[in-house]
Amino acid sequence: MPCSRKAAFAGGVRSKRGSLWAYYTPSQFRLTSPPENVSFYLWGSKTIKHGFCATCGCGTFTETPDWSTGEPNFDNPKISVNSRLFDDFDLDTVEVVVIDGKNLW
């Protein structure tokens, strides 16, 4: 799925996992793996559902409210997909926005 902008997080669990998140609306996302191949983790406030491969542990996607205003908007959910797992992904073709997850929240 094409996305013109990705987010990299500096600090926190997101940066330690090495993910580069591409954001979509739920209608733009379709899980192609069988549900039993995906496990979930909820951390802290439990507002973000982190999906990962139940076999290898790679962080694959999250289900999250929209945080673009700095506050969670549960009426505008987002799906973030780890674009480092895309086949034939060229990082040089998109803008990457670094978000200071360590000091922002």
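Biologist: Great. What kind of model is this?

Modeller: This is a predicted model, so please read every value below as computed from it.

Biologist: Noted. How many helices and strands are there in the chain?

Modeller: The chain has two helices and seven strands. Going along the sequence, the pattern reads β-α-β-β-β-β-β-β-α.

Biologist: And how much of the chain is buried?

Modeller: Of the 105 residues in the chain, 29% are buried. The chain exposes about 7,000 Å², and carbon and sulfur atoms supply 53% of that area.

Biologist: What share of the contacts joins residues at least 24 apart in sequence?

Modeller: That share is 46%, counted among contacts between residues at least 6 apart in sequence.

Biologist: Let's go inside, then. Which residues make up the largest nonpolar core?

Modeller: Six residues do: Ala22, Tyr24, Val38, Phe61, Ile79 and Val81. Strand E2 (21–24) and strand E6 (73–82) each supply at least two residues of this core.

Biologist: Take Val38 from that set. What does valine 38 touch, leaving out residues up to four places away in sequence?

Modeller: Valine 38 touches Leu31, Gly51, Phe52, Ala54 and Phe61.

Biologist: Now Ile79, please. Where is isoleucine 79, and is the residue buried or exposed?

Modeller: Isoleucine 79 has its place in strand E6. The residue counts as buried because its relative accessibility is 7%, and the cut-off for buried is under 20%.

Biologist: Which residues is isoleucine 79 in contact with, beyond its neighbours within four places?

Modeller: Isoleucine 79 is in contact with Ala22, Tyr23, Tyr24, Thr25, Pro26, Phe29, Phe61, Thr62 and Glu63.

Biologist: What about serine 80, the next residue along: buried or exposed?

Modeller: Serine 80, also placed in strand E6, is buried, since its relative accessible area is 2%. Not counting residues up to four places away, serine 80 touches Trp21, Ala22, Tyr23, Thr60, Phe61 and Thr62.

Biologist: How far is the C-alpha atom of serine 80 from that of leucine 20?

Modeller: Those two C-alpha atoms are separated by 9.1 Å, while the residues lie 60 apart along the chain. Leucine 20 comes up again with valine 97: their C-alpha atoms are separated by 9.7 Å, and the two residues are 77 apart along the chain.

Biologist: How does the lining split by class?

Modeller: The lining of the second largest pocket has 11 nonpolar, six polar and one charged residues.

Biologist: Last topic, backbone geometry. Which phi value does lysine 46 have?

Modeller: Lysine 46 has a positive phi of about 60°, although it is not a glycine. The residue is found in the loop between strand E3 (38–42) and E4, and lysine 46 is exposed, with a relative accessible area of 53%.

Biologist: And aspartate 88: what is its phi, and where does the residue lie?

Modeller: Aspartate 88 has a positive phi of about 55°, and this residue is not a glycine either. Aspartate 88 lies in the loop between E6 and strand E7 (95–99), and is exposed, with a relative accessible area of 82%.

Technical notes
Residues numbered from 1 in each chain as written. Predicted model: local features only at pLDDT ≥ 70, side-chain atom pairs only at ≥ 80, totals over all residues. Heavy atoms only, no water. Core = buried A, V, L, I, M, F, W, Y, C linked by side-chain atoms within 4.5 Å. Buried < 20%, exposed > 50% of the residue type's maximum accessible area, 1.4 Å probe, protein only. Helix = DSSP H or I, 4+ residues; strand = E, 2+ residues; numbered from the N terminus. Contact = heavy atoms within 4.5 Å. Areas by Shrake-Rupley, 256 points an atom, 1.4 Å probe, with all protein chains shown as cover. Nonpolar A, V, L, I, M, F, W, Y, C, P; charged D, E, K, R; others polar.
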